[in-house]
Amino acid sequence: WKAAEQTTVKLLYGQAFRTPSQYEFSYPAGSGTGLANPNIKPEQIATYELVAEQDFHHGLFGRLSLFHNEMNDLIAARVQNLTQNIFDNAFNVRTTGVEAELNKRFANGVRGFVNGTWQQSDFSAGPALDSPEWIANLGVVMPIIGEKLSASLRENYVSDRPTRVAGLAAEDAFRTTVTLRSEDALPHWTFLLSVENLFDQH
């Protein structure tokens, strides 16, 4: 929907599923560690999203998104009869959140971006494992030789969250990535050289 000359509003809906793998169907039985489960159902997800996009002119573009995801019949291994492993449709997840993003392109070719996401997840089987409440990214791309060679710097932040190990939480983490990118140095080729987690954050 074109709400104004420079404003677009979208309402999005999607569905997807994942069929259990052969590993999940039969590995516990084949390895002697548990039981096969031929009755596992596919994982399913339904997504709802309301998006507003704004062109602020002069190379500045913004986006705001409200989203809600419903994931059902997620597959996980569990222990049965104290010693036997079995894969089963173990839990459902509901996630609601908001995401905001700004992108800027300058006249000299430099591009910058910043985005952030807040989300709240509800797990039917317990705490929200490996599901951070806050995620953010900040980056800049600088041309060195026009469009043929550029350098970029990206900073990623992920807030603390519980892990699958009882009583152990992953702390807030910052991750820095530096990338050198070459476009068409050879016809139809792109070259990338990246250093990930530059400051060795754990």
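Reader: Before we start, what counts as buried here?

Author: Buried means under 20% relative accessible area. This is a predicted model, and in it E43 has 15% relative accessibility, so E43 counts as buried.

Reader: OK, and which side chain does E43 meet in a salt bridge?

Author: That would be R18, at 2.9 Å from N to O. R18 sits in strand β2 (residues 7-18) and E43 in strand β3 (residues 43-55), so the pair ties together parts that are 25 residues apart in sequence.

Reader: What else does R18 hold on to?

Author: E24: their side chains form a salt bridge too, 3.0 Å from N to O. E24 is buried at 11% relative accessibility, while R18 is partly exposed at 32%.

Reader: How many salt bridges in total?

Author: The count is 10. Another one joins D88 and R78, with the closest N and O atoms 2.9 Å apart. D88 is in strand β5 and R78 in strand β4, 10 residues apart.

Reader: Switching topic: in what order do the strands of the sheet run?

Author: It's an open sheet of 10 strands, β1-β2-β3-β4-β5-β6-β7-β8-β11-β12, with antiparallel pairing. β1 (2-4) and β12 are the edge strands, each pairing on one side only.

Reader: And over how many bridges do β4 and β5 pair?

Author: 19, with β4 covering residues 60-80 and β5 residues 84-105. I75, for instance, has N89 in β5 as its bridge partner.

Reader: Last one: which residues make the nonpolar surface patch?

Author: L153, V178, V195, L198 and F199, over about 420 Å². L198 lies in the segment after β12 (190-195) and is partly exposed, at 40% relative accessible area.

Conventions. Residues are numbered from 1 along each chain as its sequence is written. This is a predicted model: local features need pLDDT of at least 70, side-chain atom pairs count only at pLDDT 80 or more; totals for chains, interfaces and linings use all residues. Side-chain values use heavy atoms; hydrogens and water are left out. Patches are made of residues with over 30% relative accessible area and no salt bridge: like charges are joined within 9 Å, nonpolar side chains (Val, Leu, Ile, Met, Phe, Trp, Tyr) within 5 Å. Accessible areas come from the Shrake-Rupley method with a 1.4 Å probe; for residues, only the protein chains shown count as cover. A salt bridge is a side-chain nitrogen of Lys or Arg within 4 Å of a carboxyl oxygen of Asp or Glu. Helices (H or I, at least four residues) and strands (E, at least two) are DSSP runs, numbered from the N terminus. Buried means under 20% relative accessible area, exposed over 50%, partly exposed in between (1.4 Å probe, protein chains only). Two strands pair if DSSP finds at least two bridges between them.
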